[in-house]
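Subject: Structure for your files

Hello,

Please keep the two together.

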Amino acid sequence: MRTRLSIFLFSIILPCAIAAQPAYIIDADTGNEMDDLYAIARALAPDGLKVLSLQSAHFNNPQLLTDPSWNNYSTDSINTLEISQQLNEHLAAETGNWMVPTLSGCDRMLGFAWGYYAGAPVPTSPATRFIIDKAGKADTENKLNIICLGPSTNVAAAIAAAPEIAGNLRVYLLGARYDLRSKAWDKNEFNIRNDLNAFDLLLNTAELELWVMPANIAQSLTFQRKSSFQKLTECRTPLCRRLTKRWDSVNAGTSWIMWDLALVEAVLHPEWAKWKKVRTPPENNRRTIRLCTAINAPLMEAGFWQSLLSWQAP
């Protein structure tokens, strides 16, 4: 009788424990540089995050109109969203996460190049529709978590299309810069400039829970090519071969800042990052959001390699 009771209680408690594990949408401009791939590999690891979907983001920027190439991609008829989407599909397969949906995001910014306002176009995509669907099933007590590693177009488009979901979202975003002494914001940063309208919409949405890791905080997590390659050679998997090849294919040089990985590690290990409440920029609706003020870069780097080298991905 006691054994049956134990089994019965276990059958109730275990599903509840599994259900209580937070789940995340990973939204990334994977095709742009290199650190996205490392961040996604970390998130999809067995000791990583519970990932609901892996979504692609564009990395459209004005230099694609003027320069002949971008990170070894020809800019002639370049489709930045498609590049990110293809890489996401490869990463899902190479990490054994075939069941994780790889969803295509918006191929353009929110609104116009000169701003977003009521009546301006709102792009749509499978990624935005997925966010709206999942957020509609969440609530303010059990929010849908989204990690934005590139421009925040997909989540901003979802909120613009369905404003009622904003209170059900928790968004972690890598972008902008912040001076801790003067408390001054600087939006002249790659992710933000690729869709400033989207970032402003998130800042202006009072109901949205927003966590921002500024680029100047994330930049302390820097990997060296020589030591990284030594570790990658110990891991003979398609995933590690891709991470190795990616370093040179985007001309990363002797070292590279792992911006996106810093945010993923901060979500995985909250004790490795410090956050504080700050006011939004003065040009935006005045409200309080959370800002990362410091990270433990040595622990983040060690944690990444420990995870990768102890995991034999298929």
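Arginine 246 is in contact (heavy atoms within 4.5 Å) with Thr30, Gly31, Asn32, Glu33, Met34, Leu37, Tyr73 and Leu87, leaving aside neighbours within four places in sequence. This is a predicted model: local features need pLDDT of at least 70 and side-chain atom pairs pLDDT 80 or more, while totals for chains, interfaces and linings use all residues. Residues are numbered from 1 along each chain as its sequence is written, and side-chain values use heavy atoms, with hydrogens and water left out.

Arginine 246 sits in helix α11 (residues 238–249); helices (H or I, at least four residues) and strands (E, at least two) are DSSP runs, numbered from the N terminus. Arginine 246 is buried but has no salt bridge, and the nearest side chain of opposite charge, aspartate 36, is 6.6 Å away. Buried means under 20% relative accessible area, with a 1.4 Å probe and protein chains only. A salt bridge needs a side-chain nitrogen of Lys or Arg within 4 Å of a carboxyl oxygen of Asp or Glu; for charge, Lys and Arg count as positive, Asp and Glu as negative, and His and the chain ends are not counted.

Lysine 143 lies in the loop between α5 (126–136) and β6 (144–148). Lysine 143 is also buried, at 18% relative accessible area. Residues touching lysine 143 include Gly167, Arg170 and Glu209.

Helix α8 (residues 196–204) is largely enclosed by the rest of the structure, because seven of its nine residues are buried. Among the elements they pack against are α6 (153–161) and β14 (288–295).

Regards

How values were computed. Buried < 20%, exposed > 50% of the residue type's maximum accessible area, 1.4 Å probe, protein only.
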